[in-house]
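Hello,

Please find below the structure I am handing over to you. My notes on it come after the display.

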Amino acid sequence: MRYRLTFIAGLALGYVIGTRAGRERYEQMKKSARQFAQNPAVRNTAESAARSGRDLADKACHTVGEKFGEKVPASVADRVRSLRDRRRNGQNGEDDWGTTNT
């Protein structure tokens, strides 16, 4: 019983000390991640990667549409078509997938 009580006390002490040090380290990592994300070079790279990803997704959508156009469910085909039309009309191309219509 004595060893069990000593073990539990050591565990509790380690938890308290670890959480304090862990919280400080977490705040340091959060601050450095924020600084990294605000770096102009990182932002430009992320934006260009997102742009090229959208372009590749558009090409893939077009290719899949040509090959499997009639096999895709109508609801999916309608949403893809509306997104394509929005992008062509100069709108931002944001989609509403995953949102509920109320």
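The notes below go from the chain as a whole to its surface, its salt bridge and its pocket.

This is a predicted model, in which local features need pLDDT of at least 70 and side-chain atom pairs count only at pLDDT 80 or more, while totals for chains, interfaces and linings use all residues. Residues are numbered from 1 along each chain as its sequence is written, and side-chain values use heavy atoms, with hydrogens and water left out.

The chain. The protein chain has 3 helices and 0 strands, in the order α-α-α along the sequence. Helices (H or I, at least four residues) and strands (E, at least two) are DSSP runs, numbered from the N terminus. Of the 102 residues, 1% are buried; buried means under 20% relative accessible area, exposed over 50%, and partly exposed in between (1.4 Å probe, protein chains only). The accessible surface of the chain is about 9,300 Å², and carbon and sulfur atoms hold 57% of that. Accessible areas come from the Shrake-Rupley method with a 1.4 Å probe, and for residues only the protein chains shown count as cover.

Helix α1. This helix covers residues 2-37 and includes Leu11. Leu11 counts as exposed because its relative accessibility is 53%. Together with Phe7 and Ile8, Leu11 forms a nonpolar surface patch with about 340 Å² of accessible area. Patches are made of residues with over 30% relative accessible area and no salt bridge, with like charges joined within 9 Å and nonpolar side chains (Val, Leu, Ile, Met, Phe, Trp, Tyr) within 5 Å.

The structure holds 1 salt bridge, meaning a side-chain nitrogen of Lys or Arg within 4 Å of a carboxyl oxygen of Asp or Glu. It joins the side chains of Glu27 and Arg23 at 3.1 Å, N to O. Both residues lie in helix α1, 4 residues apart, which is about one turn of the helix. Glu27 is partly exposed, at 33% relative accessible area.

The largest pocket. A pocket is an open set of points on a 1 Å grid over the protein atoms alone, where a 1.4 Å probe fits, with protein on both sides within 12 Å along at least five of seven lines; lining residues have an atom within 4 Å of a point. The largest one has a volume of about 230 Å³, the space filled by probe spheres set on points joined across faces, edges and corners. Its lining has 11 residues, and Cys61, Gly65, Ala77, Val80 and Arg84 lie nearest the centre. The elements that give two or more residues to this lining are α2 (40-68) and α3 (74-88). Helix α3 gives the most, with 5 residues.

Arg81 also lies in helix α3, and is partly exposed at 44% relative accessibility.

Regards
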